[in-house]
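Colleague: Before I rely on any of the labels attached to this structure, I would like each of them set against its criterion. Could we go through them one at a time?

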Amino acid sequence: MKRIAFIYVALLITFSATSQNPTNLIDNLFIDWSTENNPGGVVLVTHQNNLVFTKAYGLANIPYQIANTEESVFNIGSLSKQFTAMGIVLLYLDGKLSFDDDIKTYLPEFTDFGKTITIRQLLHHTSGLRAVPELFGLAGWRSGDAISNDDVYRYLLKQQDLNFEPNSEFMYSNSGYILLAKIIERISKQDFKSYMKEKVFQPLHLNSTFVEEDYSAIITKTANSYTETAPSFFQTVENNDLTYGASNVYSTSVDISNWAKNYTKAPKSWKKAFSILETLTTLNSGEKNNYAFGIVIDDFFGNRRIQHTGAIAGFQSIMYSYPDEDLQIIILSNFTSNQLSQKANQISQLFLQNKSKPTKIEEIKSSFKISIEDLQKNEGMYWNDKNNYSRKIFVANDTLWYLRNNNQKSPLLPISETEFQMGGINEKLVIKFDIHSAKMTLIFANNSTETFEKYEDKLLTLEELKSYTGEFYSSELETFYTITLKDKSLYGYHSRFGEFEIQVLKRDVVSWSGMAISKYKRNGNSIGFWVTMNGIRNLWFEKK
C-alpha cells in the first residue's frame with residue numbers, strides 16, 4: 001500500500017542550531033569511511049556563504065593506495081539531469097524551442113503513439129516513455145553490456161505503446177533525458193559534450209565538470225568505483241553505461257556546491273535560468289508533481305529543499321540545497337552500500353529549525369455496527385491490476401482485517417455499511433467495498449484512489465499450467481522467451497541469462513521470480529502475454 005508516511009525514529013529529534021562544533025559532528029558520521037584500504041568519498045557543506053566543512057575520506061584507487069582528495073573527480077550519476085535541463089532552458093531563453101513543443105518537431109522520425117509528447121513532459125518524467133536500462137534488461141542485455149545513446153534511441157524507435165497517457169502519471173525514466181540530449185544536439189548542431197562545456201560549465205566556472213560517456217577514457221584525478229562484496233572486501237565496478245543526458249557528468253564537490261549555491265542566489269545573468277529550473281507542474285488529475293526540471297523540490301521538516309541523488313556503477317552522490325537557509329550539502333562517493341540520504345539528513349539537522357506543523361491524526365471513533373455475516377461478505381483475495389499486487393481481506397475476532405503480502409495486517413473499522421477506516425496507521429485511509437461488482441476501493445486522504453477486483457484464489461491443474469507454456473516473441477525488443485513446465489512448475493528461459501522460475505499469482509497472471517509480471521491474453525487458447533516491470537508496462541510478447 002502506498003502513500004502511508006513512515007517517519008524514522010532518527011528524525012524525530014528537535015531541530016536546533018547546535019552549540020557544538022559541527023565539524024566534529026559531521027566527521028563522526030563518516031568515520032567508517034576512514035577504515036584502512038577502503039574507498040570513501042568527499043563531503044562538503046556550506047552555510048550562509050561560509051565553508052563549514054570539507055573533507056575527503058578513503059581511497060580513490062585501492063591497488064595503488066591513492067587517496068581521495070577534495071579535488072577528486074566523481075561520476076555524479078543522475079545529478080547530471082539538472083545540467084541537461086539547464087541546456088534545454090538556455091535554448092528556450094534563446095527562443096529556439098518551447099517547453100510545450102511536440103518532441104517530433106525536433107525528432108520527426110520518432111514513433112507516433114497517437115498522443116503528443118512534449119519537451120516539458122520529458123523534463124518532468126511524465127511522458128509515459130518506457131525506461132532504460134530496463135528495456136535492455138528485458139531484451140536480454142546483461143549488466144556488463146555497454147549501452148550507448150544510439151542503442152537507446154534505436155530501441156525507443158521500436159516501441160509501439162507508452163506506459164501511460166502523457167502527463168497522467170510521474171514515472172522516473174532515463175529515456176526522457178537521453179532524448180533531451182538528442183534534442184539539444186539537433187537544435188544546437190553541436191555534440192552534447194561540447195555544448196554543455198561551452199554554454200553551461202565554462203560560463204558558470206565549473207572548471208572540473210564535464211560530460212564523458214567513454215568509460216575507457218583516462219581522466220586525471222578521477223576516483224575508481226567499487227562495490228563491497230564482503231566486509232572490507234571491495235571489487236572494481238566498471239561503468240558500461242555509455243549514455244549521456246541522464247547521467248555521466250563528472251564533477252567535484254566544490255563544483256557541485258558552487259552550482260547548488262545558484263538556487264539560493266544566482267548571478268544576475270543566470271537568475272532567470274535557475275528560476276525556470278524550479279518549474280513545477282500538475283498531472284492531468286490535478287495531483288502535484290514535485291519533480292521540476294532535473295531536480296526534486298520538497299521540504300525537510302518544513303524547510304524548502306532542492307535535491308537530487310545519483311548512482312552509476314559504484315559511484316553514489318547527493319546534493320541538498322536549502323535556498324532559504326543558504327545551506328548546501330554535497331556528498332560524492334566512490335563505492336556502493338552507502339546511506340547518503342540518511343547522512344545528508346543528519347547533517348541537515350545540525351543547521352535547520354523544525355518548521356513543520358505537527359500532523360494531526362484523526363482519532364477513529366466508530367460506533368457503527370455490522371454483523372459478522374455482513375463482514376464475511378467482504379472476505380476474499382483482491383487484485384490491483386494497475387500496480388500488480390494482491391491483498392487479503394478476512395474476518396477474525398469480530399473484526400474485518402486487511403492483510404498485506406508481508407503478513408502485516410490492519411483492522412478495518414466500519415463507518416457505514418460499505419465503508420471502513422483503516423486503523424493502526426498514521427493517516428486517514430478509507431476502504432469501500434462493492435459486493436455487487438466484487439470490487440474494493442482505497443480512498444486516501446488526498447482523495448486519490450486505488451481499485452482492487454476480487455478473484456478466486458485456487459491452484460491450477462497440470463493441464464491449465466500447460467496452457468502457459470510456449471515460445472513468445474517481442475518485435476519491440478527483437479527477443480524470445482520460452483516458457484516450459486517441469487515437475488509441475490513453470491520456468492522461463494532466455495538465451496542470454498538462462499532459466500528462471502515462474503510463480504502463478506492468479507489465473508493468467510504470473511511473476512518471473514519477482515523481476516517482472518506477465519499477464520496472458522487468450523482467445524480460447526493463449527495468444528501471448530504483456531510484461532510489466534520497473535519502468536515498463538504491458539510490453540507485448542506474441543506466442544509463436
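Colleague: Where does N407 lie?

Modeller: N407 lies in the loop between β20 (399–403) and β21, where helices (H or I, at least four residues) and strands (E, at least two) are DSSP runs numbered from the N terminus. This is a predicted model, in which local features need pLDDT of at least 70 and side-chain atom pairs count only at pLDDT 80 or more, while totals for chains, interfaces and linings use all residues. Residues are numbered from 1 along each chain as its sequence is written, and side-chain values use heavy atoms, with hydrogens and water left out.

Colleague: What makes the peptide bond from V132 to P133 cis?

Modeller: Its omega is near 10°; P133 belongs to the loop between α3 (119–124) and α4 (134–139).

Colleague: How do you know that the span of helix α2 agrees with what it should be?

Modeller: The expected span is 1.5 Å times one less than the number of residues. For the 13 residues of α2 (residues 81–93) that gives 18 Å, and the end C-alpha atoms are 18 Å apart, so the two agree. The helix is also largely enclosed by the rest of the structure, because 11 of its 13 residues are buried, among them F83, M86 and L90. G95, which follows α2, has a positive phi near 75°.

Colleague: What makes β15 and β16 a pair, and how is β16 placed towards β17?

Modeller: Two strands pair if DSSP finds at least two bridges between them. Seven bridges join β15 (residues 303–312) to β16 in an antiparallel arrangement, so by the definition they pair, and G310 stands opposite S317. Seven bridges likewise join β16 to β17 (residues 327–333), also antiparallel, with I331 as the bridge partner of I318. Each connection is a hairpin: two residues lie between β15 and β16, including A313 with a positive phi of about 50°, and four lie between β16 and β17, including D326 with a positive phi of about 50°.

Colleague: Why is strand β16 called mostly covered?

Modeller: Eight of the eight residues of β16 (residues 315–322) are buried. F315, S317, M319 and S321 point one way, while Q316, I318, Y320 and Y322 point the other way. In a regular strand the side chains alternate between the two faces of the sheet.

Colleague: Why is the ring pair of Y172 and Y291 called edge-to-face, and the pair of F529 and F541 tilted?

Modeller: Rings of Phe, Tyr and Trp (its six-membered ring) pair if their centres lie within 6.5 Å, and planes under 30 degrees apart count as stacked, over 60 as edge-to-face and the rest as tilted. The whole structure holds 41 aromatic pairs. The centres of Y172 and Y291 are 6.1 Å apart and their planes stand at 70°, so this pair is edge-to-face. It links parts of the chain 119 residues apart; Y172, at 33% relative accessibility, counts as partly exposed, while Y291, at 2%, counts as buried. For F529 and F541 the centres are 5.6 Å apart and the planes at 35°, so that pair is tilted. F529 lies in β32 (residues 525–533) and F541 in β33 (residues 536–543), so the pair ties together parts 12 residues apart in sequence, and both residues are buried.

Colleague: What makes K409 count as sitting over the ring of W401?

Modeller: The criterion asks for NZ of Lys or CZ of Arg within 6 Å of the ring centre and within 35 degrees of the ring normal. The charged end of K409 sits over the ring of W401, 4.5 Å from its centre, and that of K486 sits over the ring of Y491 at 5.0 Å.

Colleague: How do you know that the protein is as compact as a globular protein of its length?

Modeller: The protein has 12 helices and 33 strands. Its radius of gyration is 26 Å, close to the 24 Å that the globule rule gives for 544 residues, so it is as compact as a globular protein of that length; the radius is taken over C-alpha atoms, and the rule is 2.2 Å times the number of residues to the power 0.38.

Conventions:
Buried means under 20% relative accessible area, exposed over 50%, partly exposed in between (1.4 Å probe, protein chains only).
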